[in-house]
Amino acid sequence: MRERGMTRRRMLGIGGAFGLMAATGLSTSAALARRPSITGAELRSAVPLPPPFQVPLPIPTVLKPISTSGGGDRYEITQREASVEILPGVRTPLWTYEGTFPGPTIESRRGRPVTVSHRNELPVPTVVHLHGGHTPAASDGYPTDLVLPEDWHDATMHMGHGSEHGMHDPRAVVTKLTRDYTFPLDQRPTLLWYHDHRMDFTAPAIWRGLAGLHIVRDDAEDDLGLPAGPRELPLMIADRAFAADGGLDYPALDPTLRERPGVHEPYLAGVLGDVILVNGAPWPVHEVDTARYRLRVLNASNARHYELEAVTDDGRRLDLVQIGADQGLLATPVTHRLLPIAPAERYDVIIDFSGVPVGSRVRLINRLGSGRTRDVMAFRIARHATDDSRIPRTLSTDLPAWRRSDAVKVREFSFRAGQMRGDHGWLIGGLPFDPARTDVTARLSDIEVWRLIADVHHPIHLHLVGFRVLSRSGRPPLPHDAGLKDTVSLRPGEAVEIITRFDGYRGRYLFHCHNAEHEDMGMMANLEII
């Protein structure tokens with residue numbers, strides 16, 4: 001990196017292990033061994049922030065279908081600007097799905113197709129990706145498959161790097177104003193989420209509010225007796241920072257998000273906020289019974305990692321009993337005291353408040369945070385109640401039993417900082433993303449093992465398929481690696497092996513880092529299923 005003229009200031013701006021190397025002169029191995037807890041730089045809000053645990057936890061509205069005929073459900077969502085009260089007494093302009101942040105939740109049944117018609121009334125093109133969905137390529141939300149605003153006159157103008165760097169995507173499918181996304185949802189019940197995936201501008205678009213939840217259910221899961229109804233809580237955790245006028249602060253090189261992608265130099269490694277939002281509320285509080293609750297947790301932050309812990313006011317730690325991962329239920333429960341969660345990961349956990357006195361409080365805290373970012377939310381024990389829920393010893397029996405010996409191919413990918421057209425970038429295998437280049441060709445139904453190697457923190461997401469974690473740096477997976485995942489957190493200097501089967505659909509898909517700033521600066525690659 002120094003050979004390519006990277007300055008000391010830029011090295012520090014990259015964050016994580018590279019910052020340690022620049023500041024202290026540590027060797028690479030020594031710096032990586034310290035495994036810093038963050039990759040990125042934090043913005044500081046310019047408005048007074050509320051005290052924690054005062055704002056009630058909002059629960060996102062469940063969207064009603066406009067049609068349920070023909071064996072599937074049809075929804076309509078308008079992407080539009082809205083002014084929303086996030087901080088008490090302060091209005092914040094957002095880009096939204098249906099005027100709310102998070103957007104409305106879609107609930108669907110396994111195997112029942114859903115079509116969502118998105119209408120783009122924002123001032124920029126958009127793309128919608130259903131993260132974790134087993135989706136045909138035409139509806140997967142490829143970054144150049146733009147939905148243009150009505151007044152966006154030049155359909156070829158900006159395809160991410162396309163206009164600025166002379167790149168072109170001959171396979172892009174561009175529509176104006178509206179697009180139908182069809183999701184078969186023939187997959188295990190789980191928590192998915194939908195978000196903008198526009199080429200070069202995913203990070204600021206999600207930051208401005210373009211994210212929502214999608215829950216898939218089925219009869220087998222319903223029959224397990226898990227906490228349900230008001231005792232099942234979706235929790236979208238996201239950090240943000242606020243400017244002096246109450247708007248969201250973000251270090252975009254082009255605040256209009258129309259022409260020039262990227263962020264200012266100190267934030268090249270990722271943008272962190274100093275306000276922790278849960279379902280769009282700052283450090284909220286939720287009243288609960290003395291009973292078990294099911295928490296469907298999503299880390300929708302651009303770059304912030306969390307290590308979650310549930311602590312009573314008298315310092316007692318409560319178990320977080322994991323029952324599910326990104327792609328649905330585990331085979332058996334796994335009990336944690338600390339639960340790490342990287343950007344885009346989801347965890348399905350049970351927490352039992354039955355032993356906590358009425359009137360007291362349980363805080364959900366982030367062991368990787370400091371100051372205000374150490375708090376996430378709180379639960380206030382409001383009343384005694386009966387509880388007929390349970391946590392079965394066997395949760396599911398349909399997890400794939402792929403073996404290393406079944407793999408027809410083993411591939412290796414490095415995820416590292418580097419140069420992209422003369423500027424800083426984040427690269428896969430030494431290359432920045434090019435929509436016109438096929439990086440990996442895999443045959444439908446083949447099983448493969450991938451070895452993923454990181455320099456700093458990289459949460460790696462595969463579109464289309466789930467996978468199992470086989471190892472971490474030659475050692476067994478960690479307890480939170482259980483089950484079927486679609487996003488895996490690589491720590492600094494770590495190599496992780498995963499195994500997957502490329503089933504479902506043929507076509508062009510992606511794999512990429514879900515640190516959204518890394519993604520926008522080249523850390524994506526094309527996966528062609530043939």
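## Charges over rings

Arg508 lies over the face of Tyr142, at 3.6 Å from the ring centre. A charge counts as sitting over a ring if NZ of Lys or CZ of Arg is within 6 Å of the ring centre and within 35 degrees of the ring normal. Arg372 is placed in this way too, over the face of Trp283, at 3.9 Å from the ring centre.

Before we go on, please keep in mind that this is a predicted model, where local features need pLDDT of at least 70, side-chain atom pairs count only at pLDDT 80 or more, and totals for chains, interfaces and linings use all residues. Residues are numbered from 1 along each chain as its sequence is written, and side-chain values use heavy atoms, with hydrogens and water left out.

## Aromatic pairs

How many aromatic pairs does the structure hold? There are 10 aromatic pairs. Rings of Phe, Tyr and Trp (its six-membered ring) pair if their centres lie within 6.5 Å; planes under 30 degrees apart count as stacked, over 60 as edge-to-face and the rest as tilted. The pair of Tyr181 and Phe183 is stacked, because the ring centres are 6.5 Å apart and the planes stand at 10 degrees.

Tyr181 and Phe183 are both buried. Buried means under 20% relative accessible area, exposed means over 50%, and partly exposed lies in between (1.4 Å probe, protein chains only). Elsewhere, ring pairs join Phe413, Trp450, Phe502 and Phe511 into a cluster.

Now for the strands. Helices (H or I, at least four residues) and strands (E, at least two) are DSSP runs, numbered from the N terminus. Two strands pair if DSSP finds at least two bridges between them.

Strand S26 (residues 409-420) pairs with S27 in the antiparallel sense over 6 bridges. Look for Arg416 here: its bridge partner in S27 is Leu427.

## A sheet of 4 strands

Another open sheet has 4 strands in the order S4-S11-S10-S6, and its pairing is mixed. Which are the edge strands? They are strand S4 (103-109) and strand S6 (128-131), each of which pairs on one side only. The twist in this sheet averages 20 degrees from one strand to the next.

Strand S10 (residues 190-196) and strand S11 (residues 211-217) pair over 6 bridges in the antiparallel sense. Within S11, Ile215 stands opposite Leu191.

## Two residues in loops

Arg390 is in the loop between strand S25 (375-383) and S26. Is Arg390 buried, exposed or partly exposed? Arg390 is partly exposed, because its relative accessible area is 43%. Not counting residues up to four places away in sequence, Arg390 touches Asp223, Leu224, Gly225, Leu226, Pro227 and Arg292; contact means heavy atoms within 4.5 Å. The side chain of Arg390 also reaches the backbone oxygen of Leu224 at 3.1 Å. A polar contact is a pair of N or O atoms within 3.5 Å; within protein, one must be able to donate a hydrogen and the other to accept it, and residues adjacent in sequence count only if both atoms are side-chain atoms.

Asn515 sits in the loop between strand S34 (507-513) and helix H7 (516-520). With a relative accessible area of 2%, Asn515 is buried. A polar atom of the Asn515 side chain lies 3.2 Å from the backbone nitrogen of Glu517. Apart from neighbours within four places in sequence, the contacts of Asn515 include Thr39, Asn302 and Pro459.

## Backbone details

The peptide bond from Phe101 to Pro102 is cis, with omega near -5 degrees. Pro102 lies in the loop between strand S3 (91-97) and S4.

Leu185 is not a glycine, yet has a positive phi of about 55 degrees. Leu185 belongs to the loop between strand S9 (178-183) and S10, and is buried, with a relative accessible area of 0%. Ser473, not a glycine either, has a positive phi of about 50 degrees. Ser473 is in the loop between S31 and strand S32 (487-490), and is partly exposed, with a relative accessible area of 29%.

Terms used: Axes are lines fitted to C-alpha atoms, for helices over the stretch in contact, and angles run from 0 to 180 degrees between N-to-C directions.
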